[in-house]
Amino acid sequence: MKSNPDFWSKISEKYAASPISDIGAYEATMDRVLVHLPKDARVLELGCGTGSTALRLAPHVHSIVATDFADGMIAQAKAKPGADNAQFLCADAFDPALEDGVFDVVMGFNLFHLVEDTPAVMGRIHDLLVPGGLFISKSVCLGERSLGLKFGLMKRLIPVLQWVGKAPFVRFETIAGLEADIVASGFEIIETGDYPARPPSHFVVAKRV
Ligand SMILES: C[S@@+](CC[C@H](N)C(=O)[O-])C[C@H]1O[C@@H](n2cnc3c(N)ncnc32)[C@H](O)[C@@H]1O
């Protein structure tokens, strides 16, 4: 199965109306992100969904370009009360509108388990960043063994749901595999965490070397 923007556009209205599923984990993530965001940072967000995180972080940075490959998600983001320094764009990481070497921080939350060729995307993120720039991400690692009963069952159901068009492309990545991809793409990992711990939503702050 392939990663499909139409799947995400179709669910964008429902996604926009849904509350954050684990507000404690979200707030913990935002707290850690803010520790690393320079006030003068030019930020790019990939897979921004309906734009809530970009709008939340916009007052803390110079500017933010928030992108998603699903036009439905970008339409939802643009319908929200905006911020002068936040721009929404329908684009994936390889879009030529995104210039190499101009971003201080590239972020992606709840995205990389949904991307088919993660090393290629991380290589592109490396190129989009200024030297020494930060790559901040959080990814569900469904390749871990101890997911617990509920998420273990959900994992088994994913292929069936994909078959009937009710689930997107998903990679079952481990924490070690995710970190290895980040390091192999030319980054030094400077902080990790799990928000929440189960299923592990692995937070990584990495510096372009
Ligand atoms: C689970 S949602 C997360 C949205 C948002 N980052 C959040 O944390 O709420 C995943 C988002 O990534 C987008 N997406 C999935 N694969 C993508 C890709 N290859 N390039 C860009 N966006 C992608 C989807 O359209 C969707 O909006």
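# From an exposed helix to the ligand shell

Val-160 is found in helix H7. This is a predicted model, and local features are reported where pLDDT is at least 70.

H7 covers residues 148–163, 16 residues in total. How many of them are buried? The number is zero, so H7 lies largely in the open. The helix reaches 24 Å from its first C-alpha to its last. That is close to the 22 Å expected at 1.5 Å a residue. H7 is bent, however: the angle is about 40° at Leu-157. A proline, Pro-159, follows within four residues of that bend. Just after H7, Gly-165 takes a positive phi of about 75°.

Now step back to the other end of H7. Leu-147 sits in the loop between strand E5 (129–140) and H7. Leu-147 counts as partly exposed because it has 19 C-beta neighbours inside 10 Å, whereas a buried residue needs 20 or more. Leaving aside neighbours within four places in sequence, its contacts are Leu-142, Gly-152, Lys-155, Arg-198 and Pro-199. Ala-197 is 50 residues from Leu-147 along the chain, yet their C-alpha atoms are separated by 9.3 Å.

One joins Tyr-195 and Pro-196, with omega about 5°. The other runs from Arg-198 to Pro-199, with omega near -10°. Pro-196 lies in the loop between strand E6 (187–194) and strand E7 (201–208). Pro-199 is placed in the loop between E6 and E7 as well. Most peptide bonds are trans, and most residues other than glycine have a negative phi.

Asn-110 is a residue other than glycine, and its phi is positive, near 55°. Where does Asn-110 lie? It is in the loop between strand E4 (103–109) and helix H6 (118–128). Asn-110 counts as partly exposed because it has 15 C-beta neighbours inside 10 Å.

Gly-186 is partly exposed, since 17 other C-beta atoms are within 10 Å. Beyond its neighbours within four places in sequence, Gly-186 contacts His-126, Arg-208 and Val-209. Ala-206 is 20 residues from Gly-186 along the chain, and their C-alpha atoms are separated by 9.4 Å.

Next, the interior. In soluble globular proteins, nonpolar side chains tend to be buried together. The largest nonpolar core in this model has 49 residues. Which members touch the most others? They are Ile-64 and Val-106. Apart from neighbours within four places in sequence, Ile-64 is in contact with Val-43, Glu-45, Ala-54, Leu-57, Ala-58, Asn-85 and Ala-86.

The segment before H1 holds Asn-4. Asn-4 counts as partly exposed because 14 C-beta neighbours lie inside 10 Å. Leaving aside neighbours within four places in sequence, Asn-4 is in contact with Pro-168 and Phe-169. Asn-4 is 65 residues from Phe-69 in sequence, but 8.7 Å from it in space, C-alpha to C-alpha.

Phe-69 brings us to the ligand. There are 17 residues around the ligand. Which come nearest? They are Trp-8, Gly-47, Gly-49, Phe-69 and Ala-70. By class, the shell divides into ten nonpolar, five polar and two charged residues.

Terms used
Residues numbered from 1 in each chain as written. Predicted model: local features only at pLDDT ≥ 70, side-chain atom pairs only at ≥ 80, totals over all residues. Near = placed C-beta within 6 Å. Nonpolar A, V, L, I, M, F, W, Y, C, P; charged D, E, K, R; others polar. Helix = DSSP H or I, 4+ residues; strand = E, 2+ residues; numbered from the N terminus. Buried ≥ 20, exposed ≤ 12 C-beta atoms within 10 Å, placed from the backbone. Core = buried A, V, L, I, M, F, W, Y, C linked by C-beta atoms within 7 Å. Contact = placed C-beta atoms within 7 Å. Expected span 1.5 Å × (residues − 1). Bend = angle between axes of the 7 residues up to and from the residue.
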